[in-house]
2 protein chains.
Amino acid sequence: MSTLTPKKQAIQDREQKILELARRMVLEGGYHGLGLDSLAEKLGVSRGTIYNHFQCKEEIILALVVETMSKRRDMFQRAASMHGVPRVRLAAIGVAAELFVRLYPDHFRVEQIVKSDSIWDKTTEERRMLVRSCQLQCVGIVAGVVRDGIAQNHVSLPEGLTPEALVFGLWSMTEGAYSIIATSDSMAELGIAEPFQAIRRNIHHLLDGFGWTPLSTEHDFESSMEQIVRDEFPSEFARLKQPW
Amino acid sequence: MSTLTPKKQAIQDREQKILELARRMVLEGGYHGLGLDSLAEKLGVSRGTIYNHFQCKEEIILALVVETMSKRRDMFQRAASMHGVPRVRLAAIGVAAELFVRLYPDHFRVEQIVKSDSIWDKTTEERRMLVRSCQLQCVGIVAGVVRDGIAQNHVSLPEGLTPEALVFGLWSMTEGAYSIIATSDSMAELGIAEPFQAIRRNIHHLLDGFGWTPLSTEHDFESSMEQIVRDEFPSEFARLKQPW
DNA sequence: AACTGTTTCTGACAATTTGTCAGAAAATCC
DNA sequence: GGATTTTCTGACAAATTGTCAGAAACAGTT
């Protein structure tokens, strides 16, 4: 049941190759960097063949996003299931998010492109559902850790603020920060020498603002996070170019 | 010296009309919604005439972004020069930022498009400089208020954290939040019923985390912000569709 | 009003690029 | 080895961007 005919296998392999090539092209030149003619040539097939795999160019890009989001969700899941107090597990998810954008900057960039370009109309409902589902899962994983923190009396949210609203804050800050970093060609010019460190510290202070114990004044989260990246994400850590 | 010939005046007026029409088209269909053929037709001129105003399509879009950023900078400037303690002035800038995205969602969306699409290569250095300059000014305005807070001993930043790094945190959170709101078609489904309120509260908690007095537990910033929007931005307030 | 040099406008043209589809080629089955 | 199904190709249509030589409109002068 799992063995495919050689032909079917070749087709399946090609789909992966299409996505790999497409990602590189989108990374280099955005939406317009992805030319189906050029893609087909690089792949050694005709353009028609590509349309056997994907209904249109937009579907290829959305497929890239699904890959990206699944990858992030898996890393989040790994981080959230770590041992430790909720606030450290939340820090672990932060580590995962940072590792993700630093190791796969091209993934993040493709996500950005999809966000703003109006490509959604042309895509299939099926694939859009996949994107939405990944998003919900990511929020759910983080909200779960927040609920653990509440259950263990490490934090108590003010009246009317749901765990999801706090997740929204964390999500917003990381999303916005990575987006600014990715699009601004000189962070130093803006007066921000080490943006990744700056964002980690801002996140700590946000959680401190909610009174989530242990506070960052009581616990050295910078060290914790460095340990997490070494222990929980060893292979990813090894592939980092810049030091943590 | 300031009176133009009727013809020159007409040309200048047309440039504004091009931008107005272009913004509407980009808003509706993103980068591809802006077709120069259709734009020319709506304007009652030929496509060649449009190329007399702008070197290429990308220049039009970047011109839209310059309009947007100038508008925001002016609102920030107005908010920052308000009377009051620094933390309230910072809240006023928050009000300005929120007002801006709520009153001019199309402006924000055009900014998003420019961010991810790779249109920068084709644009002129001159206009890119304008964008960069607006960005620096916005950061500078906010950082100035942060410095005021430090000078008045209302807050003291931890070792190694510059005012710009704190601004980066505020900027990231608002930017990310608005981006998520703009692209996610159902915030409610994610468990966030009132995203704008959620983000205001997250910002308050972030500043609380830095120990910036008055803390949000000591001062009712929600009321302050409502008062600011009424007093300092009366015309903008009147144009809000949804209640504050 | 007529003449003249300049500015502005037009629309046909070339160059790209996306998506389609009838027929060719290849693979699979019996 | 022949029949049937699947897959692939490349020519075609349609849309869109940017160019430019010539047409039209304008402004200044006599």
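A residue is taken as near a molecule or strand if its C-beta atom, placed from the backbone, lies within 6 Å of it. The model is predicted, local features need pLDDT of at least 70, side-chain atom pairs count only at pLDDT 80 or more, and totals for chains, interfaces and linings use all residues. Residues are numbered from 1 along each chain as its sequence is written, while chains are lettered from A and ligands numbered from 1 in the order in which they are written.

**View 1. The surface near DNA strand D.** DNA strand D is surrounded by 18 residues, the closest being A:Val45, A:Gly48, B:Lys7, B:Gly48 and B:Cys56. Two or more residues each come from α3 (47-53) of chain A and from α1 (6-33), α2 (36-43) and α3 (47-53) of chain B, where helices are DSSP runs of H or I with at least four residues, numbered from the N terminus. The largest share, four residues, belongs to α3(A).

**View 2. The surface near DNA strand C.** Around DNA strand C there are 18 residues, of which A:Thr5, A:Lys7, A:Gly48, B:Val45 and B:Gly48 are the closest. Here α3(B) gives the most, with four residues.

**View 3. A cis peptide bond in chain A.** The bond from A:Thr213 to A:Pro214 is cis, with omega near -5 degrees, and A:Pro214 lies in the loop between α9 (195-209) and α10 (221-231) of chain A.

**View 4. A positive phi in chain B.** B:Asn153, in the loop between α7 (125-151) and α8 (163-183) of chain B, has a positive phi of about 60 degrees although it is not a glycine. Most residues other than glycine have a negative phi.
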